[in-house]
Amino acid sequence: LKIKMYLQLMIINKSGGLVYNQDLSPQAAQLDSNDWLRIGSTFHSLHEIARSIPPGRSSGIVALETSSFALRCLETITGIKFVL
């Protein structure tokens with residue numbers, strides 16, 4: 001059993017701007033603030049594209065998992081995204 005831990009927290013507003021980011025582990029990538037702004041904006045764009053592709057209602061990207069990576073996105077009714 002492999003235990004996964006979250007390395008980074010990002011809070012993205014409803015227009016795609018990164019509001020807050022925090023390292024949750026010393027193993028988190030050490031990027032500068034501009035890189036985190038780009039990552040937050042890119043994730044927001046991909047989330048919106050994923051929401052619009054299927055017919056009917058979709059939640060966009062809720063989770064991504066690989067053998068070495070896990071991402072979770074929790075979206076509030078106001079459009080704020082908490083990405084772990």
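Author: Strand 3 and strand 4 form a hairpin, and 4 residues lie between the two strands. This is a predicted model, so local features are given only where pLDDT is at least 70 and side-chain atom pairs only at pLDDT 80 or more, while totals for chains, interfaces and linings use all residues. Residues are numbered from 1 along each chain as its sequence is written, and side-chain values use heavy atoms, with hydrogens and water left out.

The setting comes before the detail. The C-alpha trace spans about 40 × 35 × 20 Å along its principal axes, and of the 84 residues in the chain 25% are buried (under 20% relative accessible area, with exposed meaning over 50% and partly exposed in between, for a 1.4 Å probe and protein chains only).

Strand 3, residues 63–65, pairs with strand 4 in the antiparallel sense over 3 bridges (two strands pair if DSSP finds at least two bridges between them). Within this pairing, Leu 64 is placed opposite Leu 71 of strand 4. The pairing of strand 4 with strand 5, residues 81–83, is likewise antiparallel and runs over 3 bridges, and here Glu 75 is set opposite Lys 81 of strand 5. These two strands also make a hairpin, with 5 residues between them, and in its turn Gly 79 has a positive phi of about 95°.

Cys 73 belongs to strand 4 and counts as buried because its relative accessible area is 4%. The C-alpha atom of Cys 73 is separated by 4.5 Å from that of Val 83, a residue 10 positions away along the chain. As a general point, the side chains of a regular strand alternate between the two faces of the sheet.

Arg 51 and Glu 75 meet through their side chains in a salt bridge, at 2.4 Å from N to O (a side-chain nitrogen of Lys or Arg within 4 Å of a carboxyl oxygen of Asp or Glu). Arg 51 is classed as partly exposed because its relative accessibility is 27%, and Glu 75 falls in the partly exposed class because its relative accessibility is 31%. Another salt bridge joins the side chains of Arg 72 and Glu 65, at 2.7 Å from N to O. Arg 72 is partly exposed, given a relative accessible area of 26%.

By this rule there are 4 salt bridges in the count. One of them has Asp 35 and Arg 38 as partners, with 2.4 Å between the closest N and O atoms. Both of these residues lie in helix 1, which runs over residues 33–52, and their spacing of 3 residues is about one turn of the helix.

Strand 4 also takes part in a pocket. The second largest pocket is lined by His 47, Arg 51, Arg 57, Ser 58, Ser 59, Ile 61, Val 62, Cys 73, Leu 74 and Glu 75 (on a 1 Å grid over the protein atoms alone, a pocket is an open set of points where a 1.4 Å probe fits, with protein on both sides within 12 Å along at least five of seven lines, and lining residues have an atom within 4 Å of a point). Helix 1 and strand 4 each contribute at least two residues to this lining, and strand 4 gives the most, with 3 residues. Arg 51 and Glu 75, the partners in the salt bridge at 2.4 Å, are therefore both found among the lining residues, as is the buried Cys 73.

Strand 1, residues 8–12, pairs with strand 2 in the antiparallel sense over 5 bridges, and Ile 11 stands across from Tyr 20 of strand 2. Between these strands there are 5 residues, and Gly 16 in this hairpin takes a positive phi near 100°.
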